[in-house]
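This report describes the two chains of a model and the way in which they meet. Please view the structure below before reading on.

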Amino acid sequence: MSRAFITGAQAIVQGAVDSGCDFYAGYPITPATPILLGMVRALPPRGGIAIQAEDEIAAIGFCIGAAMTNRRAMTATSGPGMSLYSENIGFAIMAEVPLVIVDVQRMGPATGGATTPAQGDLQFVRWGTSGGFPVVALAPENAEQCYRLTVKAFELAERLRAPVFLLADKEVVMTAETVDPERLKSAGPVTPRRTAPPEGPYLSYGFDRPEDVPAFSPFGGPHVVRVNTSTHDEGGYLTKDPAKVERLNRHLVAKIEAAAPDVEDVALDLQEGADTLVVSYGVSARSAADAVREARRLGRAVSLAVVHSVWPFPKAAITRALAGVLHLVVAELNFGQLRLEVERVVEAGQRVTGVHRVDGELITPGAILQAILQQA
Amino acid sequence: MKPASGPGVEAPGTYIDERRLPYPFCPGCGHGRILDALNAALVRTRRDPRRVVIVTDIGCVGLSDQYFLTNGLHGLHGRSVTYATGIKLADPDLTVIVLMGDGGCGIGANHLVHAARRNVGIAVLVFNNFNFGMTGGQQSPLTPPGSVTSSTPAGNPEFPMDVCATVAVNGAAFAARTSAFDPALSDLIYEAITTDGFALVDIWELCTAYFVPNNRFSRQALEQALKQTGLPAGAVARRTRTEYTRALRDQAPSPGGAPIRAIEPRYKSALAGPRSIILAGAAGQKVRSAASVLGRAAVMSGLYATQRDDYPVTVMTGHSISEVIVSPQPIGYTGIPAPDVLVVLAREGVPRARRLACGMGPEGRLYVERSLVPQFSAGTKARVHVLSTERLGKRSTGLAAVALIAEQERLVPVEALEEAARDGHRGVEEEMVRAIAARKLLVQ
Ligand code: SF4
């Protein structure tokens, strides 16, 4: 069987190319730079555009303009750049812009540690812009998942006309590892956004049921199109009419919530009779898997949930994994951001222990194993 | 520029959506005059309205796109130029027009400079009434000195930005300054939107709600100011430069990046369990590329491998440390709190290596350059092997050391290393292979 030795960044670039991504704009920032460098080499020979912008605000701004002109756009950054993306993330939510945003987490706050692994942005991507509207975010733990979840991010962005985050981290993006190249092949072309028929009148933001995604029509296409980042009616005109304002806001929530079952992506490794469930994501999930294997070798029945879809929180899958469990161990490189979400779904009597590390080193399998064994 | 065309498309007599009139601006506000002049310019272009995009910034001017029959994008404050750039990049045949206020020129100054420098083919019309209208008459970066605004009640103490000169000095294809009362306004706007490159028109006008009453300002005062400030009026810059999106399209792309290459496992490793190796050296010893050769050689030998690197931001100086795990089984956790094999090749790698060495047990192997051995004489239980790097060129050190430990620790066959070194190091294959052969010099 053939193999490849690649970084997560290479897998993300390949995933974007195979998803039909034809527009990339970014700004250099460790540890997301390898994606910029990969894209400026990968896209132009395939007829796409990939450029370095003057700053992160411009990078995501270029992507928004291009996405509404029928391009499949992606940008990548890390914490400080995510801070600058914030307002335009709101734009992409409000104006229903299909866009893939890669956040290669590094230690924060502020410039923090450029090459220091961390998972401190889980709640940041969820609440990273004003208004409190939901988003979709996927988290890979290795190069293979970087590829698969990049393709899935494009699928969801196109389908939902919404920003979709790939919540990666420095370790996963910059570490080279062995992969099976057969697993870096997409199942087929990404389904393009639903476009309005060329004939007839067009409403830029028309929808019937709240969860419906408005049909797209590009700038320069068969219709006159209005894109509006302010509260707007179905035609894309500014409105303060309370009924229209509420209808829009409920729609922006409903379309994400309605998609939750399709977004949900959790690798469940459930053990018969397990009283302990380990929940993790990203680089920490690798240590969690090692720890669970070792615990089983020691005779413990332990289940594992590797969360690939962090937002919306995969309530159904986690609830399924919780059956019969008395103890939960949540492992992540922060003070307990996923743990907070897990604590919201556990039932009385189910105890949650966090394994958190914030010194810039990875969580060891031993630390998770200890938490598993202490639960007994 | 293509005129209006396509089935059933006539060049419209107006680009204004008359059903939506009147404009929502205060009586006497200059915005309506400028929009009428823009409409007249658009009528001259005869463009299909579907091929025109009006991008608006924030402020009262941000209400403008709704009154046109063209495409519209109403975006964030100061960022209109970035959306316009993205649209133009995506579809260079579109006519893209940005409407922004003097306030937008401040918060978005950065983007103006860079769009001008790149010469992106968009036209920016600055609705310059010297203050923020929508938020209640505050000072903007274009407010004249001494002017009273709601945020400078004692008079503006700041020097104003010359937005025309700013974009002109940075390479704009067209820059002009005029007033909303200029009969030639529409001609200047027409020139801006038909310029094949970045164009900006700084249009002075009245905010009758705030700037006029606060400064006893008027049309006469404005026209006088335009003459007296010494700022050039009319077309300030006209130059011919290749438009950015065309330059980008005409550029021959560099080869399409390294595809993910499949590696066929043709060698065999005798390794029974995972082994972790840390190489601690200095910049210039090619530590990272040596680690990458080891990783790929391991994959060629049917093993799993991971490689993570640590180096300072100043890459050509200081330490260079690579961590490699090779294993017959898939690798989860990639950290190495205590390596099985630690190779110390330079002084720069010593601080980290000493910490690691302390955690190593008697089964650990420590390969240390001879001159650094005293630094490891205490505090480690690992078995120490002495290396002599002085007979090697600096660039060969990393790979020679990797080859030595690959052989001594039976990680991967030397042939696999040689193949991994040849593969993917175009131009330096022979140098790499010689470095592998030089491993013997390390232990002589
Ligand atoms: S506030 Fe000033 S800029 Fe705004 S509409 Fe009134 S006069 Fe015009």
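## Chain A

Chain A contains 12 helices and 15 strands; helices (H or I, at least four residues) and strands (E, at least two) are DSSP runs numbered from the N terminus. The radius of gyration of chain A is 21 Å, close to the 21 Å that the globule rule gives for 376 residues, so chain A is as compact as a globular protein of that length. This radius is taken over C-alpha atoms, and the globule rule is 2.2 Å times the number of residues to the power 0.38. Along the principal axes, the C-alpha trace of chain A spans about 65 × 45 × 40 Å.

This is a predicted model, in which local features need pLDDT of at least 70 and side-chain atom pairs count only at pLDDT 80 or more, while totals for chains, interfaces and linings use all residues. Residues are numbered from 1 along each chain as its sequence is written, chains are lettered from A and ligands numbered from 1 in the order in which they are written, and side-chain values use heavy atoms, with hydrogens and water left out.

## Chain B

Chain B has 14 helices and 15 strands. Its radius of gyration is 34 Å, whereas a compact globule of 444 residues would have one near 22 Å. The C-alpha atoms of chain B fill a box of roughly 90 × 60 × 35 Å along the principal axes.

## The interface

In the model, 61 residues of chain B are in contact (heavy atoms within 4.5 Å) with 63 residues of chain A. The size of an interface is often given as the accessible area lost when the parts come together. Here the buried area is about 5000 Å², of which carbon and sulfur atoms give 59%; this is the accessible area (1.4 Å probe) that two parts lose on being put together, summed over both.

There are 24 residue pairs in polar contact across the interface, both residues at pLDDT 80 or more. A polar contact is a pair of N or O atoms within 3.5 Å; within protein, one must be able to donate a hydrogen and the other to accept it, and residues adjacent in sequence count only if both atoms are side-chain atoms. Strand 2 (71–74), helix 2 (80–90), helix 4 (109–118), helix 9 (244–250), helix 10 (287–300) and strand 11 (304–310) of chain B each supply at least two residues of the side that touches chain A. Helix 2 of chain B gives the most, with seven residues.

## Links between the chains

Three salt bridges cross the interface of chain B and chain A, the term meaning a side-chain nitrogen of Lys or Arg within 4 Å of a carboxyl oxygen of Asp or Glu. Glu54(A) and Arg118(B) form a salt bridge through their side chains, at 2.8 Å from N to O. Arg226(A) forms a salt bridge with Asp65(B), with the closest N and O atoms 2.5 Å apart. Arg226(A) lies in strand 9 (residues 226–228) of chain A and Asp65(B) in the loop between strand 1 (52–56) and strand 2 of chain B, so the pair joins two chains.

Strand 8 (residues 176–179) of chain A and strand 11 of chain B run antiparallel and are joined by two bridges; strands pair if DSSP finds at least two bridges between them. Ala176(A) has Gln307(B) as its bridge partner in strand 11 of chain B.

## Backbone features

The peptide bond from Trp311(A) to Pro312(A) is cis, with omega near -10°. Pro312(A) is found in the loop between strand 13 (309–311) and helix 10 (315–321) of chain A. A cis peptide bond also joins Leu21(B) and Pro22(B), with omega about 0°.
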